[in-house]
Every structure is written in C-alpha cells, then in structure tokens.
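Please read them with the structure open.

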Amino acid sequence: MTDSPAVWASHLRKRYKKRVAVDGVSFTVGRGEVLGLLGPNGAGKTSVIKMMLGLVRPDAGEVMLLGRPNTDPRSRERVGYLPELFRYQPWLSADEVLALHVRLAGVKISGSDRRESLGLVGLADRAKDRVGGFSKGMQQRLGLAVALVARPELVVLDEPTSALDPLGRADVRDLLLSLKERDVAVLLNSHLIGEVERVCDRVVILDRGRVAAAGTLPELLGRRELRLVLTNVTAEAAALLEPFAREGDHYTVTLPDDVPALIADLVKLGVRVHAVEPARVSLEERLLDILRTQPEEL
Ligand SMILES: Nc1ncnc2c1ncn2[C@@H]1O[C@H](COP(=O)(O)OP(=O)(O)OP(=O)(O)O)[C@@H](O)[C@H]1O
Ligand SMILES: [Mg+2]
C-alpha cells in the first residue's frame with residue numbers, strides 16, 4: 001500500500017446552507033511530498049482538510065488516505081493532524097497531552113520518544129507544566145508535537161506557524177524538511193507564503209471553493225527574469241533595450257534571451273553594466289496575480 005499516494009482526493013464538494021464552500025476540488029499528495037494549500041480567507045482550505053480527514057461529511061467526492069478510503073477509521077492510524085483552532089485540556093501537562101494522544105492513536109511510543117517530540121518543538125523544559133499556562137505560540141508548538149508524536153506517514157498542518165515567532169517558524173521549516181527526508185508526506189495550509197515557497201514541492205491554490213491553480217513551484221512561477229542595472233545608455237543601446245521593461249537604471253530581461261550576447265553588445269556600445277541579477281517572480285506575487293485575474297462569478 002506504500003505505492004498509493006498519501007492523499008488522493010477527488011471532486012470534493014461541500015455546501016453549508018446556501019453557501020458553497022468547496023466546489024469540485026481534486027488533488028493528490030505523493031509519499032514524501034510537501035503540498036502547500038493556499039488561498040484567501042474563506043476559500044475553503046480548512047473545509048477541504050476536514051473532509052479529507054473525515055471530520056466533515058462531503059456532499060460529494062471521495063478521499064483515499066495512505067491507500068484506504070477515509071471512511072475506514074484505519075485510514076487515519078498513520079495520520080498526524082494539527083487543527084486550525086484547538087485547545088487542549090488546560091489541567092494536563094504537555095507530556096500528559098502527548099501521552100493521551102499516543103493512547104488515542106493506539107500506538108506504542110515510549111516516554112523518551114514523547115520527550116524527543118517536545119524537544120523537536122522547543123518545549124523540552126516545559127514537559128511537566130500545565131498547558132493552561134502556555135502562551136499561544138507554546139500551545140501551537142505543542143499542537144505540532146501532538147501531530148508528530150505517533151510517527152505518522154502523513155502530516156496535515158492547518159496553519160502551524162500563525163502564532164510562532166520567527167525562530168519558531170524557522171524550526172518548523174527545518175522540521176518539515178526532515179519529515180520529507182524520512183518520506184513523510186505533508187499537507188501544509190499557511191498564509192505565510194514565503195514559508196510555503198521554501199518547503200513545498202507543489203502548491204494548490206484555492207479560490208472561492210475551487211482550484212484556481214495547481215502545480216510545482218517552477219510550473220507556477222514560470223518565466224525567469226534577470227535584472228540589469230545599466231548607466232551610460234546611449235541612443236543605440238536604448239534601441240537594443242527597447243523590448244525590455246525599464247524602471248530608471250533597471251532593465252528586466254525575460255529569459256531565455258541570449259544574455260551574454262546582449263551584455264557584450266551593450267558593453268561594445270559604451271554602456272556601463274553595474275549588475276546582472278536574477279529577479280525571480282515570488283510565489284506571493286504570482287498568487288496575487290492568479291487571485292486578481294479570477295473571473296468574478298465562477
Ligand atoms: N461549520 C460551518 N458552518 C457554516 N459555514 C461554514 C462552516 N465551516 C466553513 N464554513 C464556510 O465555508 C467557507 C470556507 O471556510 P473555510 O474555513 O474552509 O475557509 P479557509 O480557506 O480555511 O479560510 P481561512 O484562511 O480564513 O482559514 C466560508 O465561507 C465559511 O464561512
Ligand atoms: Mg482555514
């Protein structure tokens with residue numbers, strides 16, 4: 001069953017009263033793949049995740065988790081989940097919360113493994129403290145430890161870093177990369193697009209319940225650009241630079257143009273070349289672009 005993808009979701013649909021929250025969403029997450037789920041508030045990301053995990057009943061569509069239909073409770077045995085909104089029993093200690101979840105998952109995880117999980121999220125020295133006294137970011141860190149403690153093959157994280165400080169975010173990034181090395185699949189929903197861009201292999205962008213775009217980062221980011229910083233641009237050189245966008249001394253060249261030939265020609269014409277630097281489109285720019293060009297009525 002390890003040949004099957006970690007997640008296979010087909011034509012998911014959900015309506016709350018008159019509001020269609022999710023409308024025909026399909027995607028897969030491969031083993032060891034990190035998939036980013038992006039989209040504006042209310043796009044349907046959390047609804048998709050909840051249907052996927054069998055927490056909300058879809059009006060239509062099917063899901064397979066780790067090779068089993070998600071209607072089979074065993075499909076969730078090897079799944080770790082960090083919900084968007086959660087609160088643990090405030091009277092329990094961090095270690096007791098983990099022990100409870102390990103018991104619920106029905107797996108054997110030793111006390112030292114539990115402590116290792118707390119260490120991974122930077123809570124090693126708070127194991128015995130009551131969760132009720134934890135800060136928001138510490139609760140989120142504990143949520144991550146809960147998602148990871150039972151050695152899942154698929155980890156689903158619904159905004160894991162919204163409350164974390166920059167150091168905590170960097171830790172989560174490293175954590176995700178180490179999961180990937182161990183062939184654990186990850187579905188990551190986050191509004192922190194830089195983060196998604198750094199760790200995700202593939203991205204699905206939802207807008208008003210539908211998939212607005214999907215693909216690998218190179219597929220989505222598409223064109224590569226170079227920025228040239230030039231002075232002493234003669235009239236002849238300006239003619240050569242005519243096809244390119246210009247902002248002051250900065251010219252943007254879309255690849256694959258013959259850059260060495262262009263630079264050689266410019267230098268021959270007396271242009272001074274101060275910089276030739278990559279100017280890749282960021283995922284954030286691309287996302288805004290995609291969302292702004294979506295038709296009003298889908
Ligand atoms: N239990 C519910 N009852 C009624 N409507 C709901 C319920 N859950 C979600 N919705 C609606 O479904 C739509 C999608 O919500 P969802 O929580 O999936 O969005 P999201 O993409 O996760 O947004 P965010 O980025 O703000 O977390 C919204 O219009 C929301 O109001
Ligand atoms: Mg959400």
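Which residues in α3 meet which residues in α4?

1. The α3 side and the α4 side. This is a predicted model. From α3, Arg 114, Ser 117, Leu 118 and Leu 120 take part. They meet Ala 145, Leu 148 and Val 149 in α4. By class, the contact of α3 with α4 has five nonpolar residues, one polar and one charged.

2. Geometry of α3 on α4. Helix α3 spans residues 111-120. The angle at which α3 and α4 pack is about 135°, and their axes are 9 Å apart. That angle makes α3 oblique to α4. The crossing of α3 and α4 is right-handed.

3. Geometry of α2 on α4. Helix α2 covers residues 94-105, and helix α4 covers residues 136-149. Their packing angle is about 30°, with 9 Å between the axes. Angles under 35 degrees count as roughly parallel, so α2 and α4 are roughly parallel to each other. The crossing of α2 and α4 is right-handed.

4. Residues between α2 and α4. On the α2 side, the contact is made by Ala 94, Val 97, Leu 98, His 101 and Val 102. On the α4 side, Leu 142, Ala 145, Val 146 and Val 149 make it. Eight residues of this contact are nonpolar and one is polar. No charged residue takes part in the contact of α2 with α4.

5. Ala 145 and Val 149 of α4 belong to the contact with α2. Ala 145 and Val 149 also meet residues of α3. Check these two positions against the display.

6. Where the shell comes from.

7. Domains. The domain assignment of the protein lists domain 1 as 7-215 and domain 2 as 223-280. How far apart are the C-alpha centres of domain 1 and domain 2? They lie 45 Å apart.

Terms used:
Residues are numbered from 1 along each chain as its sequence is written. Chains are lettered from A and ligands numbered from 1 in the order in which they are written. This is a predicted model: local features need pLDDT of at least 70, side-chain atom pairs count only at pLDDT 80 or more; totals for chains, interfaces and linings use all residues. Axes are lines fitted to C-alpha atoms, for helices over the stretch in contact, and angles run from 0 to 180 degrees between N-to-C directions. Helices (H or I, at least four residues) and strands (E, at least two) are DSSP runs, numbered from the N terminus. Angles under 35 degrees count as roughly parallel, over 145 as roughly antiparallel, 65 to 115 as roughly perpendicular and the rest as oblique. A crossing is left-handed if the near helix is turned anticlockwise from the far one by less than a right angle, and right-handed if clockwise. Two residues are in contact if their C-beta atoms, placed from the backbone, lie within 7 Å. Ala, Val, Leu, Ile, Met, Phe, Trp, Tyr, Cys and Pro count as nonpolar, Asp, Glu, Lys and Arg as charged, and the others, Gly among them, as polar. Domain bounds come from an automatic or database domain assignment.
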